[in-house]
Amino acid sequence: MAVSLDMAQDKLLKTVQPLAAEEVALADCWRRVLAGEIVADTDFPPFDRSPLDGYALIAADVAEASPQQPVVLEVVDDIPAGNVPRVAVRPGTAAKIMTGAPVPEGATGVVRREDVREEEGRATVFAGAGVDNNLCRRGEEIAAGEKVITAGTVVNAGVMGLLALLGVARPRVYKQPRVALLATGSEVADIEAPLKPGAIRNSNSYMLAAQVRDAGAEPVLFGIARDEIAAIITRLSDAADCDLIVTTGGVSAGDYDLVADVYREMGIDVLFDRVGIKPGMPVLAGLKAGKLYIGLSGNPAAASVAFEQIVRPVLLKMGGRREWWRPRAKALLTAPFTKPSGATRFVWAACRPVNGGLTVEPLPLQGNGMLKSAVTANAMIVIPAGSPPLAAGSVVEVCLLADL
Ligand SMILES: Nc1nc2c(c(=O)[nH]1)N[C@H]1C(S)=C(S)[C@@H](COP(=O)(O)OP(=O)(O)OC[C@H]3O[C@@H](n4cnc5c(N)ncnc54)[C@H](O)[C@@H]3O)O[C@H]1N2
Ligand code: MOO
Ligand SMILES: [Mg+2]
């Protein structure tokens, strides 16, 4: 059954749910997805602290202090960061304090040490301290009990820091989908073997492994199966404990395109076998015992585009993300694009910010068996089915793949 891209995405997303959660050491959590809300168990900062190296004092004592009219205070304590104050500050006294140290009871301000001269237990203060201006208050950023990070958040550097600050040493994150990658094709050769006549190196498995990782999942390479039903079934059976099974090749009309026969023999129910996109039209999606099998085209560009548009959202959902779609934007075409298409066409492109807007250049060499343009592409132009030839300067929709 042939389906539109929307329908294909919808059908697949309906069949999957986020995987279970697991606890993972924080250092290994970068780019993982939080499975639960993070609630602060303490205030942050955990105590009133000094933002300066200087003297904690009563701001009113030094309100009039200036280089001409300094105020002299008795120094009653010395508080390095990590220590706790031993005495309270009272009128006429100050405590030497370092950045990050707890502010003593009674103090209402800190004067930086550049504005103070200390001699024999006495501090001569040459400047005032705005009340509270130079104290960091307990809980001013985070209050105990506050919901700080929502479930579904992807752990970036900021989240890593915040979790560490809150003492969440082993956050609960969604398990990463394990994705079996099997290349099919009697002509497909291992990349380490000498290339025989008629053979083609297995680029698909490596390309897709990177796309799998980029979707927050873990690729498991199952090598290459010849175009023989039994050989493919054997490899797919080995892959049965993976969360999603992706094959490439053997899904079109050829005598040796056998993946549909494999699905039949294995009792995998076909959801659809073609999607209205170019490249990437042949996609054999099937379901058996709740597990998705996806047969992508053997043509590298076709496999890559179909993966981006159809498989990636599924992996993001399984990995616990709440957002599955690449950002889209409008951009000005810098060169004409005239290739007609009866299906939605995706064109690898270079998108650039220019004068507050975006321009997009279709990259050369975009055959369905080609890959070179994917090296520099940071976007794909999305050309609707039946579009007329597009002149340079036309406004087109782009799907952004990377930072611009
Ligand atoms: N009569 C028809 N022929 C074809 C049709 C069609 O509708 N009718 N569709 C064409 C389209 S569109 C595509 S896309 C391809 C899909 O081909 P398959 O999925 O059956 O893939 P294969 O035939 O096995 O291989 C196609 C091509 O890709 C190369 N290949 C295969 N695996 C790899 C790999 N792991 N790494 C690199 N390259 C690989 C293979 O050598 C072939 O050149 O079918 C059209 N034909
Ligand atoms: O649709 Mo094929 O998938 O042209 O490359
Ligand atoms: Mg074929």
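Which polar backbone atom did I find 2.6 Å from an oxygen atom of ligand 2? I found one belonging to Gly280.

**Conventions.** I worked on a predicted model, where local features need pLDDT of at least 70 and side-chain atom pairs count only at pLDDT 80 or more, while totals for chains, interfaces and linings use all residues. Residues are numbered from 1 along each chain as its sequence is written, chains are lettered from A and ligands numbered from 1 in the order in which they are written, and side-chain values use heavy atoms, with hydrogens and water left out.

**Ligand 2.** I listed the residues around ligand 2, with a heavy atom within 4 Å of a molecule counting as near. They are Lys278, Pro279, Gly280, Met281, Pro282, Ala302 and Asn368. By class I get 4 nonpolar, 2 polar and 1 charged residues in this shell. Here Ala, Val, Leu, Ile, Met, Phe, Trp, Tyr, Cys and Pro count as nonpolar, Asp, Glu, Lys and Arg as charged, and the others, Gly among them, as polar.

I then looked up further polar contacts (pairs of N or O atoms within 3.5 Å; within protein, one must be able to donate a hydrogen and the other to accept it, and residues adjacent in sequence count only if both atoms are side-chain atoms). A side-chain N or O atom of Lys278 is 2.8 Å from an oxygen atom of ligand 2. For Met281, a backbone N or O atom lies 2.9 Å from a ligand 2 oxygen.

I checked the backbone here too. The bond from Lys278 to Pro279 is cis, with omega near -10°. Pro279 sits in the loop between strand E18 (277–278) and strand E19 (282–288). Helices (H or I, at least four residues) and strands (E, at least two) are DSSP runs, numbered from the N terminus.

**Magnesium.** I noted that the magnesium ion (ligand 3) is coordinated by Asp257 (OD) and Asp257 (OD), at 2.4 Å. Donors are N, O and S atoms within 2.8 Å of the metal (3.2 Å for Na, K and Ca), and water is not among the atoms, so sites may look incomplete. Asp257 is in the loop between strand E16 (244–248) and helix H5 (259–266).

**Ser297.** Is Ser297 buried or exposed? I count Ser297 as buried, because its relative accessibility is 7%. The classes are buried under 20% relative accessible area, exposed over 50% and partly exposed in between (1.4 Å probe, protein chains only). Ser297 lies in the loop between strand E20 (291–296) and helix H6 (300–318). Leaving aside neighbours within four places in sequence, its contacts (heavy atoms within 4.5 Å) include Asn204, Thr248 and Pro282. A polar atom of the Ser297 side chain lies 2.9 Å from the backbone nitrogen of Asn299.

**Positive phi.** I found a phi near 70° at Arg31, a residue other than glycine. Arg31 is partly exposed at 33% relative accessible area. Glu120 also has a positive phi, about 50°. Glu120 lies in the loop between strand E8 (116–119) and strand E9 (122–125), and is exposed at 82%.

**Helix H2.** In H2 (residues 157–165) I found Val159, Met160, Leu162 and Leu163 buried. Their cover includes E3 and strand E10 (147–149). At the start of H2, a side-chain oxygen of Asn156 comes within 3.0 Å of the backbone nitrogen of Gly158. Just after H2, Gly167 has a positive phi of about 75°.
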